[in-house]
Amino acid sequence: MTYLLFMVLSILKGFIYRMKKIGLGRQAEVFEDNNGLAIKIYNTSVPIENIEYEAEISKKIYDVYNRAPKFYNIWHQNGSYGLQFELIKGEMLSIQMRRHLNCVRRYAREFGKLHREIHANSIKGLKSSIEKYEWGLRQYKKLDESILYRLLEFVKNSHAELLCHGDLHPENIMIDENGYMRVIDWVDAYSGNPLSDVARTYYLLSKGTSPEKKPYYFKLIESIVKRVIAKEYLHSYFSNKVIPKREFDIWKLIIQICRYNEGIQEEKPFLERNISIEIDRMGKNA
Ligand SMILES: Nc1ncnc2c1ncn2[C@@H]1O[C@H](COP(=O)(O)OP(=O)(O)O)[C@@H](O)[C@H]1O
Ligand SMILES: [Mg+2]
């Protein structure tokens, strides 16, 4: 019933805006306008400051990385706000992976290479990884002072100023009509150490969940496929070089702490258990 109502509302919206709906996000719907642009229209509950922030970040990113969509303007109509982007004609990587299960390893390898390319760009003027992760670590109230201090020192000492997406997963990558991968949804971008960004993507690929309800057997198969994709992505990212295991393990811990703060119920028990195991291990290796 709720779903039906939602569908009706969303068709109605397309009708009101006179645009075709092409995508759905957590806080926005995306339409194609009459000028051939993509308009990301936010729910009215999203504060205008957040929309302005995404506009500002999207401009900066396109200047250094043109696989991001070009940003045009802030859009405003009947009390709703949105952002105008270049329209990427194509499909999300997640859909293509599901459709061509026999090609997932190849997609995962291309994904790893793409992420390496993103990290090849220096960038200033974005939130820094120090700011981002210090905030995230302090939010998690179950860390004792000495561990918190060690993790904060680690974040400071490993700082770099490279472009990080902050939420790179197959729903934020589109394959355009020429078969090129394009990267959307840069609102969590920051300037930092690429290993932190790889650790998040690796987590999302191997353990991240979606809100959809699925039967048990489906979840089982999905978890096997996810592991294959995550492994292939990682090897491709490091292009078969040795993975800096110690640093990567610490970033994985930090990423899991920050993910816990996102409050995704389905992932919380696993995260809590894993965080505590990793912290014990850190204590022993002190
Ligand atoms: N520039 C674009 N061109 C074409 N489709 C887009 C574009 N931006 C977003 N979309 C579509 O809208 C969906 C949601 O957009 P996204 O920016 O990822 O929103 P959210 O921040 O809520 O995740 C995407 O998965 C994609 O299908
Ligand atoms: Mg998205």
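Select arginine 26 and ligand 1. A backbone N or O atom of arginine 26 sits 2.7 Å from an oxygen atom of the ligand. That is a polar contact, a pair of N or O atoms within 3.5 Å; within protein, one must be able to donate a hydrogen and the other to accept it, and residues adjacent in sequence count only if both atoms are side-chain atoms. This is a predicted model, in which local features need pLDDT of at least 70 and side-chain atom pairs pLDDT 80 or more, while totals for chains, interfaces and linings use all residues. Residues are numbered from 1 along each chain as its sequence is written, chains are lettered from A and ligands numbered from 1 in written order, and side-chain values use heavy atoms, with hydrogens and water left out.

An N or O atom of the lysine 40 side chain lies 2.8 Å from an oxygen atom of ligand 1. Then pick asparagine 172. One of its polar side-chain atoms is 3.1 Å from a ligand oxygen. On its own, ligand 1 has 550 Å² of accessible area, and the protein covers 90% of that. Accessible areas here use the Shrake-Rupley method with a 1.4 Å probe; for residues, only the protein chains shown count as cover.

Now show the whole shell. It holds 20 residues, and the closest are Arg26, Lys40, Glu86, Ile88 and Asp185. A residue is near the ligand if one of its heavy atoms lies within 4 Å of it. By type, the shell has 11 nonpolar, four polar and five charged residues. Nonpolar covers Ala, Val, Leu, Ile, Met, Phe, Trp, Tyr, Cys and Pro; charged covers Asp, Glu, Lys and Arg; the others, Gly among them, are polar.

Colour the strands. S1 (20-24), S3 (37-42) and S5 (80-86) each supply at least two shell residues. S1 gives the largest share, three residues. Strands (E, at least two residues) and helices (H or I, at least four) are DSSP runs numbered from the N terminus.

Domain 1 (14-86) and domain 2 (90-284) both contribute to the shell, so ligand 1 lies between them. The bounds come from an automatic or database domain assignment.

Most residues other than glycine have a negative phi. Aspartate 185 counts as buried at 19% relative accessibility. Buried means under 20% relative accessible area, exposed over 50%, and partly exposed in between (1.4 Å probe, protein chains only).

Move to asparagine 78, in the loop between strand S4 (71-77) and S5. Asparagine 78 also has a positive phi, about 45 degrees. It is exposed, with a relative accessible area of 64%.

Step back to glutamine 77, in strand S4. Glutamine 77 is partly exposed, at 27%. Draw a C-alpha distance from glutamine 77 to isoleucine 41: 9.7 Å, for residues 36 apart along the chain.

Select isoleucine 39, in strand S3. Isoleucine 39 is buried, at 0% relative accessibility.

Finally, zoom out. The chain has 10 helices and 10 strands. Its C-alpha trace spans about 60 × 45 × 40 Å along the principal axes. Of its 286 residues, 44% are buried.
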